[in-house]
Amino acid sequence: MSKAKTSSQGLEYVTLEDALSMLQYSDLANAFSSMAEKPWAGRVLKRVTTATYTLIDVQQDIDDFFIDKIVELLDKTKNKEARSYLNSMTSLSELVNVVVVLHNISIGRKPVVIFPTPLARKIPLVKPEEFDIDALRRSVDKVFARLVDRFVQSKELSMREIALALHRSVANIDKVLNYRIWRIVGIYHDAMAVRLCRMFPELSKEPLYPLIMEDNVFREACSSDLTELAKISSGYRKIVLELFDALTDSSTILKGVEAFDLATVLTTMSLSKTLTGGYVEERVRRLVRLMGSSVILKLIVLSIYTETYKVELQRLLSKWLK
């Protein structure tokens, strides 16, 4: 890959320097004006300088940019091994999106998406009674087709189908083929499984197979207070300790599942720094950085927009993005 192309791709990400620079400003217009050379800045800058806007508008613009980049990455990755890893990670993200959308519909709330994924831009944020479940069924990957079908039939989520979708998402991941990538996909899988277990305690009754966490640790993470768990985890694998360390830090600015989502992103971004071994690892690292940049940029926007936790966010990002 040429240096020019690598440099161009680097502009797509949110770096520590970008984050610290933006957090010096008290309004979004100046913050994004200072990042004018970044591709993700243009859309938001137009939004915040030409009309009235809401926080949701800006966050949607950010999601749209990074979803486009993730779709582009998937489309241009022809190498079978690389595609397998990319598909596993996006599939895990999509699973959470699909589950949250279906759950919200079932309790009469508007659908929302959590992670920037190809499916996310096809989900209209409409009233639950206006949501087209058949359109969702046609849009989802085959990994989730049975999950949506069961929901349509019974009007409730099937814990068994969620468990099966978790398994199918990582079915082609080989620990021996590339251990560095396996660690990242593995901890991401386990984190997504914990997230879903905490949403639906009954999911713990299904046969779940964590890839990185020991089973007792995984079960404890599904049910215990996560911030307390992080304080007593000295016997865990280093990578699990890193996730809980990130959770402790994330909990200084966010609460509950939002803190856990941020911790997951920070952990995978930190681990991705080890991916320096050629084309396949470059593809996976790029996906992780795109996914993480979306979350971090929205967090920066939230901090500036609400004038809250700037110091805490600067401290957190300085630790995890260095």
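Author: What follows is a set of questions about labels, each answered with a value and a definition.

Author: The model is predicted, so local features need pLDDT of at least 70, side-chain atom pairs count only at pLDDT 80 or more, and totals for chains, interfaces and linings use all residues. Residues are numbered from 1 along each chain as its sequence is written, and side-chain values use heavy atoms, with hydrogens and water left out.

Reader: How do you know what confidence the protein chain has?

Author: By pLDDT, the predictor's confidence in each residue, from 0 to 100. The mean for the protein chain is 90. Of its residues, 94% reach 70 or more.

Reader: Where does pLDDT stay under 50?

Author: Over residues 1-7. There the model has four contacts beyond four places in sequence. Contact means heavy atoms within 4.5 Å. Where pLDDT is low, the predicted coordinates should not be read in detail.

Reader: What makes H5 and H6 roughly antiparallel?

Author: Start with the elements. Helices (H or I, at least four residues) are DSSP runs, numbered from the N terminus. H5 covers residues 55-76 and H6 covers residues 80-106. Their axes come within 10 Å and cross at roughly 150°. Axes are lines fitted to C-alpha atoms, for helices over the stretch in contact, and angles run from 0 to 180 degrees between N-to-C directions. Under 35 degrees counts as roughly parallel, over 145 as roughly antiparallel, 65 to 115 as roughly perpendicular, and the rest as oblique. The crossing angle is roughly 150°, therefore H5 and H6 are roughly antiparallel.

Reader: Which hand does the crossing of H5 and H6 have?

Author: It is left-handed. That term applies if the near helix is turned anticlockwise from the far one by less than a right angle; clockwise is right-handed. Ile70, Leu73, Leu74 and Asp75 in H5 meet Arg83, Leu86, Asn87 and Thr90 in H6. By class, this contact of H5 with H6 has four nonpolar, two polar and two charged residues. Ala, Val, Leu, Ile, Met, Phe, Trp, Tyr, Cys and Pro count as nonpolar, Asp, Glu, Lys and Arg as charged, and the others, Gly among them, as polar.

Reader: Why is H5 called roughly antiparallel to H15?

Author: H15 covers residues 279-306. H5 and H15 pack at about 175°, with axes 10 Å apart. That angle makes them roughly antiparallel. Their contact has 14 nonpolar, three polar and seven charged residues.

Reader: Why are H14 and H15 called oblique?

Author: H14 covers residues 256-271. H14 and H15 pack at about 135°, with their axes 9 Å apart. That angle falls in the remaining class, therefore the pair is oblique. The crossing of H14 and H15 is left-handed. On the H14 side, the contact is made by Leu262, Val265, Thr268 and Met269. H15 brings residues including Val288, Arg289 and Gly292. The residues of this contact of H14 with H15 divide into seven nonpolar, three polar and one charged.

Reader: How do you know whether Ile300 is buried or exposed?

Author: Ile300 lies in H15. Its relative accessibility is 0%, so Ile300 counts as buried. Beyond four places in sequence, Ile300 is in contact with Val14, Ala19, Met22, Leu23, Leu313 and Leu317.

Reader: What makes Lys155 exposed?

Author: Lys155 has 59% relative accessibility, so it counts as exposed. Lys155 sits in the loop between H8 (142-154) and H9 (159-169). Outside four places in sequence, Lys155 is in contact with Ser106 and Arg150.

Reader: Which labels do Glu307 and Tyr309 get?

Author: Glu307 is at 64%, so it counts as exposed. Tyr309 is at 16%, so it counts as buried. Glu307 lies in the loop between H15 and H16 (310-320), and Tyr309 is in the loop between H15 and H16. Glu307 has a positive phi of about 55° although it is not a glycine. Tyr309 has a positive phi of about 40°, and it is not a glycine either.

Methods:
Helices (H or I, at least four residues) and strands (E, at least two) are DSSP runs, numbered from the N terminus. Buried means under 20% relative accessible area, exposed over 50%, partly exposed in between (1.4 Å probe, protein chains only).
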